[in-house]
Amino acid sequence: MNFDPGFPITVKTDPMGFVYGNRVYGPTPELRTLDGIRPSLMDPGCSGPEIVYCIAMDVALEEDRRELESRHLLYGVVTYAKGSLGKEPIRSQGHIHAVSASCGSSTCEVYEIWEGRACIYMQESGSDNAGCCYAVYGSAGDVIIVPPGWVHATINACPDRPMTFGAWCIRDYGFDYRDVRRHGGIAFFPLVGENGLVWTENGRYASGRLIEKEARDYADFGLSKGVPIYTQYREDHGRFRFVTNPSDYRGLWENYMP
């Protein structure tokens, strides 16, 4: 990979999956299929890879297991196929993080790109007025944070190669797809263009405004640019408390800009 995530892991592409290194635990990866995400695509009848992405939730070093469980913190690893879904790039269908029982709130997610080129799409609301919508691009080593309550989808922004990322989220995570599915997808559909992604509005929303930007640093969240987010957790176990207790960090989410 182009980036060392802070623990030994190998990403496989054919078939998609992961090989856990010394002292690393993780589950048998789950495969997400094209048929499973069709309702949220611009063209639900499109052709594309049968397996869209592969996901393993709860991956970490054995010596960190108990501490992570006590903090309700979870590390996930995801790899996306190359190719396209009709005119769209490989992507997830989009969802909002459901309210977690452990904290009584929708929660955020901290992405770290390991390989390839990613676009994390997010919109303020799943209602007819999607509000501010962002397409945030990142490459190996970049971090992108999605705030609580926002619709978001993950996109492979470079269709000629796979894309892989790691992420911190809450342990009792849940996904709410209702608003996205009610609108037949996210507020702006990504399309594969000659020089990158281009975007077209989803007419089932009344309004929305798209801003494209590169990933920023997150010093305001106490994060160090270029240091693996897993390593940053090991250096300070409380550093990602904003993930598991977002209501205690309202100042970070007010007027949030990715």
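**Figure 1. Antiparallel pairing of strands S12 and S13 in the predicted model.** Six bridges join S12 to strand S13 (residues 129-138), and the two run in the antiparallel sense. Met 122 has Tyr 134 of S13 as its bridge partner. Strands are DSSP runs of E with at least two residues, helices are runs of H or I with at least four, and both are numbered from the N terminus; two strands count as paired if DSSP finds at least two bridges between them. Residue numbers start from 1 along each chain as its sequence is written. Because the model is predicted, local features need pLDDT of at least 70 and side-chain atom pairs count only at pLDDT 80 or more, whereas totals for chains, interfaces and linings use all residues; side-chain values use heavy atoms, with hydrogens and water left out.

**Figure 2. Strand S15 and its pairing with S12.** S12 (residues 118-123) and S15 run antiparallel and are joined by six bridges. The bridge partner of Ile 120 in S15 is Thr 154. S15 (residues 151-156) is mostly covered, with six of its six residues buried (buried, under 20% relative accessible area; exposed, over 50%; partly exposed, in between; 1.4 Å probe, protein chains only). Val 151, Ala 153 and Ile 155 are buried on one side, and His 152, Thr 154 and Asn 156 on the other.

**Figure 3. The open sheet S15-S12-S13-S20.** Four strands in this order form an open sheet of mixed pairing. S15 and strand S20 (207-214) stand at the edges with a single partner strand each, so one side of each has no neighbour in the sheet. From one strand to the next, the twist averages 15° (axes are lines fitted to C-alpha atoms, for helices over the stretch in contact; angles between N-to-C directions run from 0 to 180 degrees).

Figure 4. Glu 214 is partly exposed, with a relative accessible area of 44%. Leaving aside residues up to four places away in sequence, Glu 214 touches Arg 117, Val 136 and Tyr 137 (contact, heavy atoms within 4.5 Å). Phe 240 is 26 residues from Glu 214 in sequence and 22 Å away in space, C-alpha to C-alpha.
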